[in-house]
Structures are given as structure tokens and as C-alpha cells.
Amino acid sequence: MHDANWEPRIVAFFCNWCTYTAADLAGVSRLKYAPNVRIVRLMCSGRVDPQFILAALAGGADGVLIGGCHPGDCHYAEGNMKTLRRFQMLRRVLAGFGLEEPRVRLEWISAAEGEKVRYVINEMVEQLRPLGPLAWGQRFGVEEGAAAHAAPAPQPEAVHA
Amino acid sequence: MNSNGTNGDIRIGFYICHCGHNIEGMVDCAAVARDIAKLPGVAVSRDYKYMCSEPGQELIQTDIREHALNRVVVASCSPLLHEHTFRNAVEAGGLNRFFFQMVNIREHDSWVHTDRAAATAKAIALARAAVRRVRFHRALETTRVPIHPDVLVVGGGITGIHAALTLANGGKKVFLVEREPSIGGHMAKFDKTFPTLDCAACILTPKMSAVRAHENINLWTNSEVVKVEGYVGNYTVTVKRRPRYVNEELCVGCQECIAACVFKEPKFPDEFNVGLGKRKPIYIPFPQAVPQVVLIDRERCLHFKTGKCKKTCVEACADRHAIDFTQKEELVQVRVGNIIVATGFKLFDAKRIPQYGYGRYPNVVTSIELERLVTSSGPTGGEVLLRDGTHPKSVAFILCVGSRDFKTNRWCSRTCCMHSMKLAQLVREHTDAEVTVFYLDIRAPGKGCEEFYDKSLKDGIRFVRGRVAEVTDWALREEEEGKLVIRAEDTLAGVVRRIPVDMIVLAVGMEPQADAQDVRRLFNMSCGTEGWFLEKHPKLAPVSTFTDGVFIAGCCQGPKDIPDSIAQAGAAAAEAMALIDRGYIEQEPNTAYIDQADCSGCKSCLPLCPYTAIAFDEATKKAAINATLCKGCGTCVAACPSGSIRQHLFEDEEIFSEIEGVLTHA
Amino acid sequence: MKKYAYFPGCSLKGLGRGYEESLLPVMERLGVEMVELDDWNCCGATAYMSIDEKQACVLAARNLALAEKTGAGDLVTPCSACYLVLNKMKHYIKESEEMRTTVRRSLDGAGLSYSGNTPVRHPLDILVNDIGLDVIKEKVVRPLTGLKVVPYYGCQVVRPYSTFDDAWNPTTMDRLLATIGAEVVPYPLKTKCCGASLTGTLPKVGLRLTYILLREAARRGADVISTICPLCQFNLDAYHDQVARRWGPVPVPTVYFTQLMGLAFGLPAKQLGLNRNFVRMKPLPAAHAPA
């Protein structure tokens with residue numbers, strides 16, 4: 001059983017042109033929503049490597065939200081279609097791991113849909129609450145956080161002038 | 001200093017902005033600064049009231065010098081607003097501008113949450129992520145992309161006309177594309193303009209002629225943009241030129257062909273007179289049309305429909321041979337550096353409010369129909385007439401038709417109050433009719449407009465405040481027999497009233513054009529919730545869009561009157577000219593690149609790029625990316641199985657560190 | 001053979017008898033089976049809701065439960081008030097957890113249950129949308145040619161819910177009347193209130209509303225007003241003397257649309273309950289008498 005004060009933590013990958021702008025619009029409109037989401041800004045949802053999603057989940061996130069432009073509206077023509085393909089494949093893999101479906105979510109949110117940002121985040125938080133923490137470490141018998149890096153992160157060169 | 005900008009140590013300067021009360025009101029900035037100060041590599045951690053201000057920026061610059069900072073993180077508003085500002089500040093401080101990362105704790109945090117503890121925790125998490133990420137940033141240079149000096153202006157209403165003339169006068173070559181057979185837009189249909197009651201044609205037609213005469217403007221009417229390829233500075237635009245069946249170069253606009261047409265009388269509804277007048281299949285849209293060239297309506301022309309026509313029009317044009325039935329649709333390509341979209345608006349369809357009787361009662365007309373009636377060159381020669389040809393003794397205006405209404409359009413269309421009062425004054429001038437205006441609020445914000453409202457009151461125009469419930473023809477009292485009855489609550493008097501009138505004018509609101517969604521996709525723009533083209537920033541960048549090199553102006557951006565449309569046209573022209581005269585635009589260097597050593601030549605990336613920026617080199621058997629074509633979406637980066645494709649500014653390690661960072665704090 | 005559960009409501013067994021007397025034979029002629037609910041109770045109409053919301057809801061729900069029990073199909077209610085009340089209660093039960101619980105408990109006590117799935121529909125809807133104007137046209141033996149009819153819907157079938165037609169300008173009855181041969185008079189007051197119970201409690205207001213409807217019908221040369229609601233029919237029919245006293249006579253007769261359908265199908269006027277009207281409808285021209 002988890003801590004009564006536990007709050008779901010969601011890492012979100014938002015595309016710059018639509019979803020991130022929509023989240024800005026939600027802010028400008030002073031809409032209020034749950035504080036459980038941490039947004040990582042990318043240029044396009046097509047940049048979302050499935051490894052990012054896995055890294056987030058293994059790193060302690062209880063859910064991952066990917067936001068992109070509506071099909072047909074991608075700022076880079078079709079990046080979001082690739083996101084969709086990858087997401088659908090990843091979903092099957094995650095189901096195989098026994099991961100509950102609400103934990104990883106893909107939403108199309110246009111730059112004008114500040115209200116949708118609010119609604120999606122609130123809904124996702126409420127859907128994750130009954131599921132409890134993901135507890136990756138416990139599920140897969142690994143140390144949580146250790147699996148966070150899909151590739152060893154290179155340290156910046158400590159080179160001399 | 002190496003490409004990392006270090007002599008070994010990473011030294012990060014962290015700044016969290018209070019933004020007055022905007023952030024500090026919900027986020028404990030000092031606590032965030034304290035937390036970040038403890039992180040490895042953070043040399044300086046401050047909180048300050050207004051980071052984007054002069055002193056705020058100077059603070060960064062001073063710290064860079066005095067504390068040998070080689071990375072800067074600012075936690076404040078959205079990067080979409082001030083990333084550029086801070087990058088400039090960092091650069092002015094002597095550091096490469098890309099050694100900077102911004103954290104959004106205003107739009108994404110303080111403005112949207114209500115619990116201070118939660119908001120502060122979120123700010124800490126986001127700040128930690130940025131501090132981790134920025135370590136991996138490398139020095140980058142912006143690339144310069146040359147700007148083609150020509151400009152495309154889409155839409156030939158007053159906005160497009162003004163933008164085109166401004167650019168052309170500045171020595172730039174302009175392609176002005178207009179869908180209708182003549183430029184002029186909605187303004188060409190007006191009689192007089194508010195608040196000066198200037199004759200619309202008198203102020204518009206000289207501009208229209210100037211467009212025609214200008215050597216720098218290529219005027220393409222009866223044409224539409226069908227494809228846009230490329231990017232800022234280098235657009236290739238395909239324009240479809242629809243056939244008029246009359247050669248523009250040869251026709252002098254004498255109109256003898258129209259007189260000679262086998263249709264002795266005009267028979268077909270006339271688009272310019274919004275169906276109130278008639279025209280022949282061969283026609284000129286209106287007397288002052290530019291270009292002053294005739295065109296043939298293929299759907300109605302006897303020759304096209306039956307093949308059996310005497311073609312008296314051709315005979316009448318025997319010396320110039322301007323009529324050409326064989327004309328075909330043409331696709332033309334042009335290269336331009338900038339595009340200004342000025343496609344205007346359409347009017348609300350009054351049939352959507354059946355209670356007002358438009359389409360059922362013949363003497364219920366729209367504002368634009370009345371506009372054509374009062375115009376001396378209109379279908380009734382300037383007489384305000386009922387459908388039976390008599391003069392009305394009483395006219396009512398219903399305002400906000402379709403606007404400010406949850407059931408139809410929620411916005412205010414901004415111009416209808418003034419437009420209606422203008423028409424009301426003109427009706428008083430042309431007839432002796434009693435005029436009543438039914439309004440919710442009177443909005444008269446521009447110069448001279450409140451005074452215009454006063455004049456309307458002095459002219460004896462009556463104003464009844466209340467939303468009209470119904471227009472009906474059932475009469476209750478004798479004076480209502482044979483008239484239209486308006487039922488409305490007079491909210492100032494506190495009674496429901498029945499007012500019989502002869503003629504009712506509906507002040508229909510403005511809406512985005514019917515094909516606004518198609519058009520915005522064509523130019524890679526977004527639309528706002530209401531359907532108007534989306535500006536980059538509603539306050540600071542009303543004519544720019546999120547796509548560099550594409551500007552919007554006029555009513556396509558939102559309802560506005562003529563002076564504001566012209567102001568935006570000038571603004572868009574100026575923005576375009578600024579780019580052209582500088583000669584280049586600086587591209588954000590977030591392009592993808594391939595590490596040739598790691599590339600295995602699997603070709604998975606090749607079909608992914610919509611800009612065909614990835615090419616396969618048969619000699620080396622490896623893929624390579626053309627940085628000029630790459631737009632920086634990162635799709636190929638995520639797809640590469642060997643991880644050999646990387647993206648500047650969005651490197652894998654940068655993103656992984658950000659993910660790790662947001663999860664270090666609850 | 002189409003089958004429907006049938007809820008007549010109090011009016012159709014009382015003052016609105018003519019409605020039932022014409023509706024049932026018309027449905028029979030069209031091959032539709034109407035299964036009257038066994039032991040139905042008053043729907044509560046508009047009055048009960050103002051007195052006790054919960055009781056009113058249970059009252060209505062019992063009928064809905066009975067409808068489900070018969071399993072005959074969609075529930076048809078000709079009276080506009082019953083139609084509105086039953087639909088409104090359906091809506092309330094769906095929206096309110098509290099209401100659902102109260103209803104469930106009460107129904108349990110009566111050995112009934114209610115799932116909320118049975119649609120409550122109006123005969124106009126069934127006739128035009130389920131059976132179809134083509135089928136109706138086939139049964140017409142005596143088209144009402146030359147008869148000028150005003151289509152009057154009243155308010156409850158379009159406000160607040162207008163499930164099968166436009167709220168401001170419904171046309172279902174217009175089309176139906178045209179199909180049986182009548183000349184439909186354009187009438188802008190087709191959904192304007194008839195005065196409802198105000199004709200009894202506040203005659204100054206109620207009668208005036210009735211008068212306005214009758215006057216406009218007369219002005220437009222109507223031979224008859226066609227209604228779908230028993231209270232509208234009553235108001236428009238029974239108060240002519242009072243209206244005449246206050247404002248002047250407007251003797252336009254008002255009948256049920258089903259009575260007009262019955263006439264078009266060749267059924268005798270007496271069988272359709274047309275003799276119950278205060279203001280009698282003139283007999284149809286002899287040229288159109290059934291063979």
C-alpha cells in the first residue's frame with residue numbers, strides 16, 4: 001500500500017507548436033489544473049523516442065503523457081503520424097509488461113485548445129490515482145532509477161583550454 | 001575554451017524570476033533558489049523581481065563575468081515569450097547564446113495551480129531538470145538563410161491592397177493573388193465609410209488603380225494559391241489561374257461585348273450586388289473593377305452550355321479579339337521570400353437565426369444588402385426601397401445578429417454598431433423613414449466614433465436596448481397590419497414591446513471564411529478557437545504567425561474596421577520588409593545531423609523526412625542530412641536504430657537528463 | 001406489425017376523449033398495435049412537480065417501469081403534458097443519483113424496476129418518422145382537398161426538449177397534414193402558448209393568449225386548427241363565448257390531428273369524437289364523401 005500522501009507524477013512530452021502553446025494558453029487564461037505534470041518541451045512529438053517514455057517510467061514517473069498536433073496539422077507535416085505509429089507499438093509492448101493502459105497516453109491538442117490541456121491532465125491524474133504508484137523497481141525487481149538511462153549518459157568533456 | 005565552453009568545470013548561473021506577483025504569488029522563489037544552489041555545478045543561484053528587465057539582464061551579464069559562468073538557466077515565463085530575450089542577454093554577456101536553458105514556471109505553474117506547496121515543488125523539479133540539461137549544451141551558431149526579395153500577398157481587399165502597395169513602393173516585387181475577378185473586397189461594396197462618411201469608392205478606387213499601374217505588382221485575379229512549399233525566405237508557391245475566357249492583355253474594358261450579348265436583358269443574380277441585381281453571362285463585376293476586364297460565366301454562357309450561340313460578343317470585339325473560349329486553367333509557380341495572408345472574412349448567414357425571418361419575409365434584409373441599396377451605383381440607383389418598389393416609412397436595425405451569442409458566435413464583431421449607425425444615418429438621408437436601432441450595447445471605440453453615436457441620437461434615430469426575440473407578421477393592433485412586427489424587451493423601460501416597421505435590417509456579424517481551415521493548412525498556420533488565423537502573440541505580435549515568413553493582416557486575424565485593417569497591412573508589410581532588407585533570417589540551429597562513424601546505412605531514416613533533407617550517399621553507403629533543408633522536427637532522430645542521428649539543442653542526453661531531473665523531486 | 005406501449009394519460013380518458021377515439025382507429029388502419037399499459041397512473045402533469053418533486057418523480061417512474069414490463073417497445077404518449085413530464089423525469093432520474101435511489105426503492109416496493117432505456121415518444125414522431133408519410137398517403141381515401149388547416153403544436157412538445165423536430169419552427173405536423181391532402185396555412189404562432197391552465201386561474205392573461213391564436217387563424221382564413229395537445233384543444237375550443245364577450249367572436253373550430261387523419265382515412269366523424277367539440281367543424285364538401 002502506498003503512502004496516503006502519494007500523488008501521481010506524470011512526465012509530459014509536449015510539441016512546441018501545438019501542445020506546448022496550448023499549455024501556455026491555459027496559463028494565460030488562468031485555467032486551473034492538477035500540479036502533477038512536468039512538461040518536457042520538444043519541437044515535435046515525432047522526436048519522442050520510445051526510450052524517453054521508458055526512461056521516465058523507470059525513473060519514477062507513474063505516467064507519461066505525449067502531446068502532439070492533430071493529424072493533418074503537424075507543423076512539420078507528418079511527425080505526429082510517426083508518433084502515433086510508435087505509440088501504438090509501444091503500447092503493446094507495455095501491455096506485455098503488465099503496465100496499465102492509462103499510464104501512457106497520447107493526445108492531440110491544438111494551439112487553441114488550452115481547455116483540453118486542463119481537461120486531459122486532470123482526467124489522467126484521476127485515472128492514475130486508483131492504480132497507485134508504478135513502482136517500477138518492485139515490479140521488475142530492479143533498482144528504481146538505475147534503468148533511467150537507456151544509454152550511458154556521456155559526461156561533458158572535462159577538456160583543457 | 002572548448003566547444004563545451006569550459007575549462008573543465010561547468011559553472012551554472014540559475015535565476016528565478018518573481019515576475020512581480022505573477023510567479024512569486026504562487027511559487028516560493030527564494031526556496032527554489034536555495035534548493036538549486038545546492039546542486040553540483042551551480043555557481044550562482046538568485047531570485048529576482050523582473051529578470052527580463054534591463055537590470056535583470058545586466059545581472060546575468062555581470063555574473064557571467066564575475067563568476068566565470070559558462071551556463072545560464074532562467075526560471076520565469078514561457079520560452080515562447082522570452083527565450084530570445086535571454087539568449088540575447090547571455091550573448092551580450094560574452095557567452096554563446098545556446099548555453100542557456102529556460103524553465104516555464106509561470107504559464108505552466110504559477111498561473112495554473114492553486115496550492116503554493118505543490119506549485120513550488122513543481123518549480124523545483126522543473127528547475128532541477130533544466131540545470132541538469134544545460135550541462136550538456138554545446139556552443140552552436142545560428143545559420144543564416146537568405147531571403148528572396150519577392151513577396152506574395154494573398155487577398156486583394158483593402159488590406160491586401162495596402163500591403164502590396166507599401167511593399168511595392170519600397171521597391172519590392174509583389175504577387176497579389178485574388179480569388180474574385182476583381183480586387184476591392186468587401187469595401188468595394190460600401191457606399192460610405194464611418195465615421196467620416198467618406199465615399200468608399202472614392203478612397204478605395206485610387207488605391208485599386210495604383211495597384212494596377214504599379215510596375216512592382218503582379219496582379220493575378222480570378223486566381224487562388226493551391227500549394228506552398230519551402231520555408232521562410234524560400235517559398236515556392238503554386239497559383240491556379242482560372243480562365244476568364246477573355247484575354248486580360250487585349251481587353252480594354254469597353255464593354256461592347258456585354259451590350260451585344262445574345263441575352264438582351266440581364267438575367268442572372270449578380271454576386272457583387274449580393275443577389276439584388278442581375279447580370280448577363282458576360283459581365284464585369286462592378287463598374288470600377290480592377291482589372292477593368294470582362295469575364296464570362298461558363299455555367300450560364302449559352303455557348304458553353306449548348307455550343308449553339310451566335311457569339312455576338314466575339315463580333316463586337318472584332319478589332320481586338322479579346323474573347324477566347326479556349327482559355328484553360330493555368331498553374332503558375334513563383335518563388336517568394338515572404339507571404340502575407342489577407343483573406344478577410346465572410347458574413348454570418350442570417351438564415352441561421354430563423355426567428356428574424358430572413359429568407360421568409362422579403363423585407364428583412366442584411367446590412368450588406370442595404371449597403372447596396374443606398375449606393376447610388378447600386379441596383380436601385382441609391383433608393384432605399386421595399387421589395388414592392390415603394391419607400392419604407394419605418395426601418396429597424398437589429399444588432400448583434402449571430403454575434404455575442406452562445407448559440408452561434410460568441411465574439412463581438414466589432415464593426416457592426418458603427419456600421420449600422422452609419423446605415424441608419426444614410427437611411428435618414430435618403431428617406432423620411434423613422435429609424436429604430438435595437439441593440440445590446442453600443443460599441444463606438446474609434447476616433448470620431450462616439451461623436452458619430454451622438455450625431456445619430458441628434459438625428460432622431462431611436463435606440464431601444466434589448467435583444468430582439470422575434471420578427472413576425474402576425475398583427476395585434478390596426479397599426480401593425482401589413483407590417484413586420486418586432487417583439488423585443490425594452491430593458492431600459494422594463495417592458496416588452498411590439499414595434500411595427502416596414503423594413504428590417506440585420507447587422508450580421510463577421511465570421512472566418514468558409515475555407516479558413518484549408519487555407520491555414522496551406523500556409524502552415526494555426527487557427528484560434530474561434531476560427532480566425534492565429535497570431536504569434538495577441539499583444540506583441542498581432543501580424544506574425546508561428547511560421548516564419550508568413551504574416552497575417554486584416555479581418556482574417558479577427559474582426560476589425562478599415563483603419564485597423566490598413567494598420568495591420570502596413571505592419572505586415574513592414575515585418576516582411578525588415579526581413580528582406582536585412583537579407584537573411586537566422587535559423588534556430590536545432591537541426592539533425594548524422595554521425596558518419598555510427599551510421600550503418602540501414603536507410604530507415606530516408607522516407608521519414610517530409611522535407612527530403614536526408615540523402616543517401618551511394619559512395620560512402622551512409623546517410624547525410626542537408627542542414628539547410630532540415631527543419632528540426634527530430635522525427636528521424638527518434639527513429640534511428642543505431643542512434644547515429646542526433647539533434648542539436650535536443651540531444652538524447654539533454655532530454656534524458658531533463659527526464660531524470662523532473663523526477664528527482666516529488 | 002409495429003408495436004408500441006401506449007400511455008393514454010388522464011385527459012384522453014376524460015375531456016380529451018376525442019384524441020383517443022381518433023388515434024386508436026388511425027393506428028389500427030395503419031397496422032400498428034398499441035398496447036395500453038395495464039394499471040397506469042396519472043403522470044403528475046405540471047402540478048405535482050411543484051408540490052413534491054420526489055413523489056412526482058416516482059409517480060412518473062412507475063409508468064415508465066410498467067412500460068418496460070410490457071416489453072411492447074417504445075412508449076407512446078399523445079398528451080403533450082404527459083410527454084413532457086415523462087421525458088423530464090427520465091432526464092432527472094438519469095442525472096441525479098439521489099432521484100435514482102428514491103425511485104428504485106419505491107419501485108422495489110411495488111415489485112417493479114426501471115432501467116431508463118425505454119424511449120418516450122409522441123405519436124407525431126411515430127407516424128411521420130417510424131411509419132412514414134408514404135404509408136399514410138396510401139391509406140388516404142378522402143383527401144382533405146381545399147380544407148385550410150392551421151398546424152398548431154403548442155409548447156410542451158418543443159420546449160424544453162425538441163427531440164424530433166425544430167424547437168421554433170416544427171414541421172412534422174405540417175408535412176403530415178399536407179400528406180392527407182389539406183392546405184396547410186403558414187402560421188407564425190405554431191408554438192406560442194395557448195394559455196394553459198391560466199385560462200382558468202388568470203383568465204385575463206390566459207384567455208388573451210387563446211384569443212391571439214384564434215384571431216390569427218381566422219385572419220389567415222383557416223377552416224380548422226389542428227392540435228396535438230388536449231389542453232390546447234380544450235382552451236381553443238371551450239372558451240369561445242368568453243373570448244367573444246371580451247374581444248369579439250372568432251369561431252374557428254379546433255380538432256385533433258388524428259381526427260383529421262381519421263376523416264382522410266374515410267372513418268365517420270361521429271366515431272372520431274368530432275361531435276364532442278363546442279365549436280363544430282363544418283362537414284367536408286360532399287364531393288369528398290367516401291364512396
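Select helix α5 of chain B: 15 of its 19 residues are buried, so the helix is largely enclosed by the rest of the structure. Buried here means under 20% relative accessible area, with a 1.4 Å probe and protein chains only. Helices are DSSP runs (H or I, at least four residues) numbered from the N terminus. The model is predicted: local features need pLDDT of at least 70, side-chain atom pairs count only at pLDDT 80 or more, and totals for chains, interfaces and linings use all residues. Residues are numbered from 1 along each chain as its sequence is written, chains are lettered from A and ligands numbered from 1 in the order in which they are written, and side-chain values use heavy atoms, without hydrogens and water.

Keep α5(B), residues 116-134, on display. From first to last C-alpha it reaches 27 Å, close to the 27 Å expected at 1.5 Å a residue; the expected span is 1.5 Å times one less than the number of residues. At the start of the helix, a side-chain oxygen of D115(B) comes to within 3.2 Å of the backbone nitrogen of A117(B).

Next, select the contact between chains B and A, which takes 62 residues from chain B and 58 residues from chain A. Contact means heavy atoms within 4.5 Å. These chains bury about 5,000 Å² between them, 59% of it on carbon and sulfur atoms. Buried area is the accessible area (1.4 Å probe) that two parts lose on being put together, summed over both.

Four salt bridges are counted between chain B and chain A. A salt bridge is a side-chain nitrogen of Lys or Arg within 4 Å of a carboxyl oxygen of Asp or Glu. To view one of them, select R520(B) and D73(A), whose side chains meet at 2.8 Å, N to O. On the chain B side, α3 (79-92), α4 (106-110), α5, α14 (516-522), α16 (635-639) and α17 (652-662) each supply at least two residues. The largest share, eight residues, comes from α17(B).

Finally, turn to chain C. Its contact with chain B takes ten residues from chain C and twelve residues from chain B, and the area buried is about 960 Å², of which carbon and sulfur atoms give 52%. Select W168(C), R215(C) and R219(C): they supply 51% of the area that chain C buries against chain B, more than any other three residues.

Three salt bridges are counted between chain C and chain B. R219(C) forms a salt bridge with E481(B), the closest N and O atoms being 2.4 Å apart.

Key. Buried < 20%, exposed > 50% of the residue type's maximum accessible area, 1.4 Å probe, protein only. Polar contact = N/O pair within 3.5 Å; in protein donor to acceptor, adjacent residues only side chain to side chain.
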